[in-house]
Amino acid sequence: MSQKIVVVALGHRALGNTLPEQKQAVTESAKAIADLVELGAKVVISHSNAPQVGMIHTAMNEFGKAHPDYTFAPMSVCSAMSQGYIGYDLQNAIRAELIGRGIYKTVSTILTQVVIDPYDDAFADPEKIIGRYLTAQEAEEEEKKGNFVTEIPGKGYRRIVAAPKPQAIVELDAIRALVWAGQVVIACGGGGIPVLEQGAQLRGASAVIEKDLTSGLLAEKLDADQLLILTSVQKVSLNLQTPQEVYLDKISVEEAKKHMAANQFAPGSMLPKFEAGVSFVEKGEGRKAVITDIPHAKDGYLGKTGTIIA
Ligand SMILES: Nc1ncnc2c1ncn2[C@@H]1O[C@H](COP(=O)(O)OP(=O)(O)O)[C@@H](O)[C@H]1O
Ligand SMILES: NC(=O)OP(=O)(O)O
């Protein structure tokens with residue numbers, strides 16, 4: 001029996017916001033991953049990183065001022081750090097959960113770079129909110145440096161960075177080799193470290209790629225059987241938070257596109273999950289994309305719950 005490949009995209013709930021929250025949250029995420037491994041799936045994991053990359057960026061660039069030898073850390077370096085920090089906790093939690101079930105597999109994190117287009121429209125319209133709240137004066141200083149900020153009513157200002165579309169996954173062959181060797185792989189964390197190709201050089205970009213879109217690209221390039229997006233809702237709704245709210249069960253690509261066109265899904269949260277799911281499913285035979293929450297990961301994988309695009 002050939003083993004199915006599943007790309008699991010872990011959202012905010014899978015990681016929490018702070019170091020102690022993440023340590024706790026990954027234990028629940030690890031159980032969901034171990035369930036899939038027990039079912040015989042080849043599992044590749046990607047994950048969110050906006051709270052973590054913001055925290056690291058703040059730490060590196062503000063508290064770092066406390067020492068004259070510390071220098072500015074660009075967003076791409078902070079993105080790489082977030083992959084290391086999240087991957088470290090995740091791989092150890094998954095390893096421990098698997099050992100507890102008598103399964104001995106290597107679980108590793110691949111530092112992954114993702115090529116973006118320097119002319120991506122996203123650079124003119126940044127939408128990823130990053131880092132701590134700023135005062136009006138701090139926000140003005142950021143703008144003078146050429147950075148973008150957005151006002152959060154009643155709370156202050158925060159930095160926003162571009163979320164350009166992922167074009168290519170640089171370490172794809174390494175990810176594929178480990179998957180086919182039967183290992184559990186964490187890759188494309190935080191949508192991947194955004195890089196621009198300049199001849200033989202890869203230059204880090206000041207951006208944060210939408211992790212759902214990179215997860216969809218990864219699933220497509222690995223020719224995975226399933227893209228399993230684990231977020232904070234068991235099923236996606238139509239007419240969210242209205243008296244007409246209904247849950248979506250199994251839908252076709254055409255139905256998904258119709259709901260997307262009708263603005264049913266919020267940009268930056270649910271919409272990219274649909275964009276990723278639709279693109280992955282329509283580019284191959286027999287594929288499905290499932291959106292559900294962590295407690296229902298196993299049932300979602302088995303097609304028993306969640307919102308399924310197939
Ligand atoms: N149509 C919808 N149905 C369900 N949830 C939606 C919908 N549109 C937006 N959402 C919101 O999207 C959230 C998930 O997005 P987000 O937290 O950004 O994702 P992630 O889990 O990947 O971090 C849900 O908790 C919900 O509040
Ligand atoms: N990179 C990324 O999409 O992170 P979030 O899911 O935390 O926004």
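Within helix α8, the residues Pro272, Lys273, Phe274, Glu275, Ala276, Gly277, Phe280 and Val281 are buried. The elements that cover these buried residues include α6 (211-221), β12 (226-231), α7 (253-261), β16 (288-293) and β17 (307-309). The model described here is predicted.

**Helix α8**

- Helix α8 takes in residues 271-282, twelve residues in number.
- At 1.5 Å a residue the helix should span 16 Å, and this agrees with its end C-alpha atoms, which are 16 Å apart.

**The protein chain as a whole**

- The protein chain contains nine helices and 17 strands.
- Its radius of gyration is 19 Å, close to the 19 Å given by the globule rule for 310 residues, so the chain is as compact as a globular protein of that length.
- The C-alpha trace spans about 60 × 45 × 40 Å along its principal axes.
- Buried residues make up 43% of the 310 residues of the protein chain.
- Among contacts in the protein chain with a separation of 6 or more, 73% are accounted for by residues 24 or more positions apart.

**The nonpolar core**

- In soluble globular proteins, nonpolar side chains tend to be buried together.
- In this model, the largest nonpolar core has 80 residues.
- Helix α3 (residues 75-100) gives the most to this core, contributing nine residues.
- The residues with the most contacts inside the core are Val7, Val8, Ile33, Val43, Val44, Leu227 and Leu230.
- Leaving aside residues up to four places away in sequence, Leu230 touches Val8, Ala9, Leu10, Gly11, Ala14, Ala32, Thr292, Asp293, Ile294 and Ala297.

**Surroundings of ligand 2**

- Around ligand 2 are Gly11, His12, Ser48, Asn49, Ala50, Gly190, Gly191, Val208, Ile209, Glu210 and Lys211.
- The shell of ligand 2 consists of three nonpolar, six polar and two charged residues.

**Exposed residues in loops**

- Lys145 lies in the loop between α4 (136-144) and β6 (148-152).
- With 6 other C-beta atoms within 10 Å, Lys145 is exposed, because a residue counts as exposed at 12 or fewer.
- Lys145 and Gly156 are eleven residues apart along the chain, and their C-alpha atoms are separated by 19 Å.
- Asp223 is located in the loop between α6 and β12, two of the elements included in the cover of the buried residues of α8.
- Although Asp223 is not a glycine, its phi is positive, at about 50°.
- Asp223 has 12 other C-beta atoms within 10 Å and is exposed.
- The phi of Gln241 is near 55°, a positive value in a residue other than glycine.
- Gln241 is likewise exposed, with 6 other C-beta atoms within 10 Å.

Notes:
Residues numbered from 1 in each chain as written. Chains lettered and ligands numbered in written order. Predicted model: local features only at pLDDT ≥ 70, side-chain atom pairs only at ≥ 80, totals over all residues. Helix = DSSP H or I, 4+ residues; strand = E, 2+ residues; numbered from the N terminus. Rg over C-alpha atoms; globule rule 2.2 N^0.38 Å. Buried ≥ 20, exposed ≤ 12 C-beta atoms within 10 Å, placed from the backbone. Contact = placed C-beta atoms within 7 Å. Expected span 1.5 Å × (residues − 1). Core = buried A, V, L, I, M, F, W, Y, C linked by C-beta atoms within 7 Å. Near = placed C-beta within 6 Å. Nonpolar A, V, L, I, M, F, W, Y, C, P; charged D, E, K, R; others polar.
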